[in-house]
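Please keep the sequence and the structure in view while reading.

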Amino acid sequence: MLRADERAEATLSDIAYEKIRLAILLGTLRPNQRLVEAELAETLEMSRTPIREALRLVEFDGLVDRRGHGVYVHEPTLDEIRELYEVRAILESGAAMIAARDPDPELLGELARIVDESSAASLQERSEYVRLNNEFHQTVMKLSGNGRLEVVYRHSTYFCFNHSLENAYDSTDIQLALQQHQEILNAVRDGEPAEASRLAWDHVISARDVALAKLMLRGAV
């Protein structure tokens, strides 16, 4: 059993992990940026011990690389991005199919809220849209009611919502994604497993194609 001080460190490590992870995904911490324990500890207002543990966790996720004595934000290759999107397509189409069989009313309401808020956010703050987009996909996974699927999915989403990809989408791309979100919501709500699965697959593959085409054009990765 953990002592009280050990439990406190574990909690702080979890908090640090989530904040560092989100900062990387939203582009606050940029690809190839060096992460210094002392600076992160000062920013997050905690000791270096939980920061050190948090960096080990994000390294396990593939979000950072160790080079010599330094830790740097990982910059994904085009092949990595392509593979991650294709894994996501498989997982999300399966989750949507399961979810549509017997959707939880509370989670379904949460999904509808996210779709509504995303439409407003896309016209204002791009980073807020990215956050809500992430929430949409996570909520579809929750609707599947399959905890193991959620865990696997969590490790397949890295770099799919980061700064480079966020800026790759223009207003037309975002409007198409929002329309697809609404269609997925409708299929899950209407109890149409096959349609929900097809729509989820097409949505992720469409996002893959947009991201890869624009990143190759810009030479962003």
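This is a predicted model. Its largest nonpolar core has 40 residues, and those with the most contacts inside it are Tyr85, Tyr129, Phe136, Tyr169 and Val188. Two or more residues of this core come from each of helix H4 (78-101), helix H5 (105-121), helix H6 (126-143), helix H7 (147-154), helix H9 (171-189) and helix H10 (193-218). The element that gives the most is H10, with 10 residues.

The secondary structure comes to 10 helices and 2 strands. Read along the sequence, the pattern is α-α-α-β-β-α-α-α-α-α-α-α. The protein has 221 residues, of which 46% count as buried. Among contacts between residues at least 6 apart in sequence, 77% join residues at least 24 apart.

Val188, one of the residues with the most contacts inside the largest core, touches Ala96, Ala99, Ala100, Pro103, Leu108, Leu143 and Ala196, when residues up to four places away in sequence are not counted. Val140 is found in helix H6. With a relative accessible area of 4%, Val140 is buried, because the cut-off for buried is under 20%. Leaving aside neighbours within four places in sequence, Val140 is in contact with Ala95, Ala96, Ala99 and Leu111.

Which way do H6 and H7 run relative to each other? Their axes come within 8 Å and cross at roughly 155 degrees. Angles over 145 degrees count as roughly antiparallel, and H6 and H7 are therefore roughly antiparallel to each other. On the H6 side the contact is made by His137, Gln138, Met141 and Lys142, and on the H7 side by Leu149, Glu150 and Tyr153. By class, this contact has 3 nonpolar, 2 polar and 2 charged residues.

The next helix pair is H2 (residues 37-44) and H3 (residues 48-60), which pack at an angle of about 115 degrees with their axes 9 Å apart. This angle makes H2 roughly perpendicular to H3, and the crossing of the two helices is right-handed. H2 contributes Glu37, Ala38, Leu40, Ala41 and Leu44 to the contact, while H3 contributes Arg48, Ile51, Arg52 and Leu55. Sorted by class, the contact of H2 with H3 has 6 nonpolar and 3 charged residues, and no polar ones.

Ser13 lies in helix H1 (residues 4-25). Is Ser13 buried or exposed? At 7% relative accessibility, Ser13 counts as buried. Its contacts, apart from neighbours within four places in sequence, are with Pro50, Glu53 and Ala54.

Ser171 is found in helix H9. At 52% relative accessibility, Ser171 counts as exposed, because the cut-off for exposed is over 50%. The C-alpha atoms of Ser171 and Arg126 are separated by 9.9 Å, although these residues are 45 apart along the chain.

Most residues other than glycine have a negative phi. Asn32, in the loop between H1 and H2, has a phi near 75 degrees, a positive value in a residue other than glycine. With a relative accessible area of 34%, Asn32 is partly exposed. Glu45 lies in the loop between H2 and H3, and its phi, near 55 degrees, is also a positive value in a residue other than glycine. Glu45 is exposed, with a relative accessible area of 72%.

Technical notes: Residues are numbered from 1 along each chain as its sequence is written. This is a predicted model: local features need pLDDT of at least 70, side-chain atom pairs count only at pLDDT 80 or more; totals for chains, interfaces and linings use all residues. Side-chain values use heavy atoms; hydrogens and water are left out. Helices (H or I, at least four residues) and strands (E, at least two) are DSSP runs, numbered from the N terminus. Buried means under 20% relative accessible area, exposed over 50%, partly exposed in between (1.4 Å probe, protein chains only). Contact means heavy atoms within 4.5 Å. A nonpolar core is a set of buried Ala, Val, Leu, Ile, Met, Phe, Trp, Tyr and Cys residues joined through side-chain atoms within 4.5 Å. Axes are lines fitted to C-alpha atoms, for helices over the stretch in contact, and angles run from 0 to 180 degrees between N-to-C directions. Angles under 35 degrees count as roughly parallel, over 145 as roughly antiparallel, 65 to 115 as roughly perpendicular and the rest as oblique. A crossing is left-handed if the near helix is turned anticlockwise from the far one by less than a right angle, and right-handed if clockwise. Ala, Val, Leu, Ile, Met, Phe, Trp, Tyr, Cys and Pro count as nonpolar, Asp, Glu, Lys and Arg as charged, and the others, Gly among them, as polar.
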